[in-house]
Amino acid sequence: MNQVFKPLGYMTVPDGTQVSPFLNATDSTQENLPLGKLREMSLASGKIAPGVHSWIHHLPLVAQIIYVIEGSLSVVMQELHGQEPYSLHLKFGEAALCERGSFLQLRNESEKMTTVLYMVSPSYVFEQEGEEVKYDDSVLVAKTWEECQN
């Protein structure tokens, strides 16, 4: 396939971050990308503004790699209920793997915008009509880890 793909605009998603899903099995925004061409993976660009802490979300169906392409980011994860959450600090060129079934929170504790790539398998599904989310492969759980423990 002789084509260059790039993010075509960002939307603020329910967890509080900005995402541009630009190579996705269900993406209809890219011209000349046949629907269903990318069956087992998807790629999105994300932006996390300074001071933003995403909602904690659960990924019951997908594994996700978070790769920092600009700025820095703290990724707080909990892999199993009962385990304590832990934090990984990523800077440019570093990645973290969030396994299927994990809980995840993204924190930009810097004073600069952070840009990331999200590589997800199987392909991430998110459907929204207007302001209403029809379906999301991640489940928003809480704003803080303290709320999760209760």
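How many of the seven residues of β6 are buried? I began with this strand in the predicted model. Seven of the seven are buried, so β6 is largely enclosed by the rest of the structure.

**Entry 1: the chain as a whole**

I looked up the secondary structure and found one helix and 13 strands in the protein chain. I noted that the chain has 150 residues, of which 37% count as buried. The exposed surface comes to about 8,600 Å², with 53% supplied by carbon and sulfur atoms. I then turned to contacts with a sequence separation of 6 or more; residues 24 or more positions apart account for 71% of these.

I recorded which way the side chains of β6 (72-78) point. Ser72, Ser74, Val76 and Gln78 point one way, while Leu73, Val75 and Met77 point the other way, and all are buried.

I next asked which strands flank β6. In an open sheet of five strands, ordered β7-β6-β9-β4-β13 with antiparallel pairing, β6 lies between β7 and β9. The edges are held by β7 (86-91) and β13 (139-142); each has a single partner strand, so one side of each is left without a neighbour in the sheet. On average, neighbouring strands here are turned by 30° against each other, direction ignored.

I checked the pairing on both sides of β6. Six bridges join β6 and β7 in the antiparallel sense. Within that pairing, Ser72 has Lys91 as its bridge partner, and Val76 stands opposite Ser87. On the β9 side I found five bridges, again with the strands antiparallel. There, Val76 is partnered by Gln105.

**Entry 2: the six-stranded sheet**

I traced an open sheet of six strands in the order β1-β2-β3-β10-β5-β8, with antiparallel pairing. Its edges are β1 (11-12) and β8, each with a single partner strand, so one side of each is left without a neighbour in the sheet.

**Entry 3: the largest nonpolar core**

Which residues touch the most other members of the largest nonpolar core? I listed Ile66, Leu73, Val75, Leu104, Leu106, Val116 and Tyr118, out of 21 residues in the core. Two or more residues each come from β3 (42-48), β5 (63-70), β6 (72-78), β8 (95-98), β9 (103-107) and β10 (114-121).

I then followed Ile66, leaving aside its neighbours within four places in sequence. Ile66 is in contact with Leu73, Val75, Leu90, Glu94, Ala95, Ala96, Leu104, Leu106, Val116, Leu117 and Tyr118.

**Entry 4: Gln149 in the helix**

Is Gln149 buried, exposed or partly exposed? I found a relative accessibility of 47%, and Gln149 therefore counts as partly exposed, a class that runs between 20% and 50%. Gln149 is found in helix α1 (residues 145-149). Not counting residues up to four places away in sequence, Gln149 touches Gln78 and Pro85. Gln78 is one of the buried residues of β6, the strand with which I began. I also looked up Gly82, which is 67 residues from Gln149 along the chain; their C-alpha atoms are separated by 8.8 Å.

How values were computed. Residues numbered from 1 in each chain as written. Predicted model: local features only at pLDDT ≥ 70, side-chain atom pairs only at ≥ 80, totals over all residues. Heavy atoms only, no water. Core = buried A, V, L, I, M, F, W, Y, C linked by side-chain atoms within 4.5 Å. Buried < 20%, exposed > 50% of the residue type's maximum accessible area, 1.4 Å probe, protein only. Helix = DSSP H or I, 4+ residues; strand = E, 2+ residues; numbered from the N terminus. Contact = heavy atoms within 4.5 Å. Areas by Shrake-Rupley, 256 points an atom, 1.4 Å probe, with all protein chains shown as cover. Pairing = 2+ DSSP bridges. Axes fitted to C-alpha atoms, helices over the stretch in contact; angles between N-to-C directions.
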